[in-house]
Amino acid sequence: MPRVDELVDYLSAHHPRHGEKVARNLASVAGMKDDLVMFLERYQPFMERGQIGWEQLADAYLTMVNQMTAARLDFMRSGKYPAEDQTQAVQDVYSHEQVMTEYMLGLALSQFLWKHHYQVYSFYRSRIRRIPQVTAALEVGTGHGLFLLDMLTAHPEVRTSDVVDISDISLGLTKSLLQVVAPDAARAIRWVHDDVVRFEPGMSYDFITMGEVLEHVPDPVRVLSRLAHLLTPTGRMFVSTCANCPTIDHIYHFHSVQEIRDTIGRAGFHIEEEDVVPSEDVSAEDLERYRLDILYAAILRA
Ligand SMILES: C[S@@+](CC[C@H](N)C(=O)[O-])C[C@H]1O[C@@H](n2cnc3c(N)ncnc32)[C@H](O)[C@@H]1O
């Protein structure tokens with residue numbers, strides 16, 4: 001694995017403006033650089049197993065950055081997200097081996113390079129550590145698998161761990177990560193390849209994780225309502241999503257944070273705690289004026 005400065009040099013050589021931004025983030029956000037070092041070390045055996053070189057990881061990340069830039073430019077002109085509907089996202093992204101693999105590798109790395117992703121990831125890690133006990137856990141839309149790995153590391157007492165994802169490729173990547181990095185935990189996981197709206201486990205969970213999925217579904221209230229019924233009476237759910245965040249597989253456009261809160265409320269959830277994270281260091285007026293990405297994360301109870 002590269003040292004952090006080698007990785008930053010590589011990104012700067014291939015995308016100078018973005019490389020500069022990453023270097024600024026790593027220098028200014030407390031803990032980010034150390035967590036990046038730990039991530040690169042932890043990810044190495046998974047990458048070796050998949051014969052993924054670190055330059056390939058960096059290239060996958062840059063592909064994602066370029067896709068997002070293109071989607072943003074288009075969004076500024078049209079006001080629309082690139083994918084027409086879920087069918088198109090399934091065909092062009094979730095079931096496309098190369099596109100999905102690059103996207104998930106890039107997204108994994110972005111947790112340690114982007115301030116707003118790092119903040120949401122840190123919110124998740126700190127909140128799950130505060131929960132005294134988790135016996136049955138569900139993750140919806142695991143993607144790269146890092147949230148699942150953190151949940152199972154923080155809570156070795158988990159007895160049932162279910163993972164549902166519409167993409168077989170996400171499930172494969174996450175399974176491979178867990179098998180290499182946390183083999184005991186991996187053996188107990190039930191992997192379900194399906195749309196969350198069809199998921200009927202016949203049991204309830206004391207913790208549900210659903211990071212960055214709501215903007216991928218046609219009817220977020222329907223998805224949240226189903227999950228509200230899958231929580232135990234004292235259960236909690238972590239949810240994150242975003243407003244004004246065009247990318248290749250986003251289909252549900254939240255226009256504001258308040259719209260996200262209203263959606264959560266309509267599905268029967270109460271917001272226990274939340275974190276609102278703008279993607280850029282600009283004023284609230286400019287965020288709204290330029291319709292820039294805002295991430296939203298919360299801990300919910302039903
Ligand atoms: C952007 S990734 C999120 C990865 C990770 N949870 C995070 O927060 O960074 C979205 C994931 O949700 C999955 N997904 C999208 N729509 C879904 C649906 N209707 N049911 C289940 N999984 C879905 C995708 O396949 C992908 O793995």
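These legends go with a few views of the structure above.

**View 1. The whole protein, a predicted model.** Local features here need pLDDT of at least 70 and side-chain atom pairs count only at pLDDT 80 or more, while totals for chains, interfaces and linings use all residues. Residues are numbered from 1 along each chain as its sequence is written, and side-chain values use heavy atoms, with hydrogens and water left out. You'll find 13 helices and 7 strands in the protein; these are DSSP runs numbered from the N terminus, with helices being H or I of at least four residues and strands E of at least two. The C-alpha trace spans about 50 × 45 × 40 Å along its principal axes. Of the 302 residues, 51% count as buried, where buried means under 20% relative accessible area, exposed over 50%, and partly exposed in between (1.4 Å probe, protein chains only).

**View 2. The largest nonpolar core.** A nonpolar core is a set of buried Ala, Val, Leu, Ile, Met, Phe, Trp, Tyr and Cys residues joined through side-chain atoms within 4.5 Å.

**View 3. Close-up on Leu-36 and its contacts.** Leave aside the neighbours within four places in sequence, and Leu-36 is in contact with Val-4, Leu-7, Leu-26, Leu-109, Phe-112 and Leu-113. Contact here means heavy atoms within 4.5 Å.

**View 4. Val-196 in its loop.** Look for Val-196 in the loop between strand S3 (189-193) and strand S4 (205-211). Val-196 counts as buried because its relative accessibility is 8%. Its contacts, leaving aside neighbours within four places in sequence, are with Val-140, Val-164, Val-223, Arg-226 and Leu-227. To place Val-196 in the protein, take Leu-11: the two are 185 residues apart in sequence and 36 Å apart in space, C-alpha to C-alpha.

**View 5. Arg-127, a buried arginine.** Arg-127 lies in helix H7 (residues 115-130). With a relative accessible area of 17%, Arg-127 is buried. Not counting residues up to four places away in sequence, Arg-127 touches Glu-273 and Ile-299.
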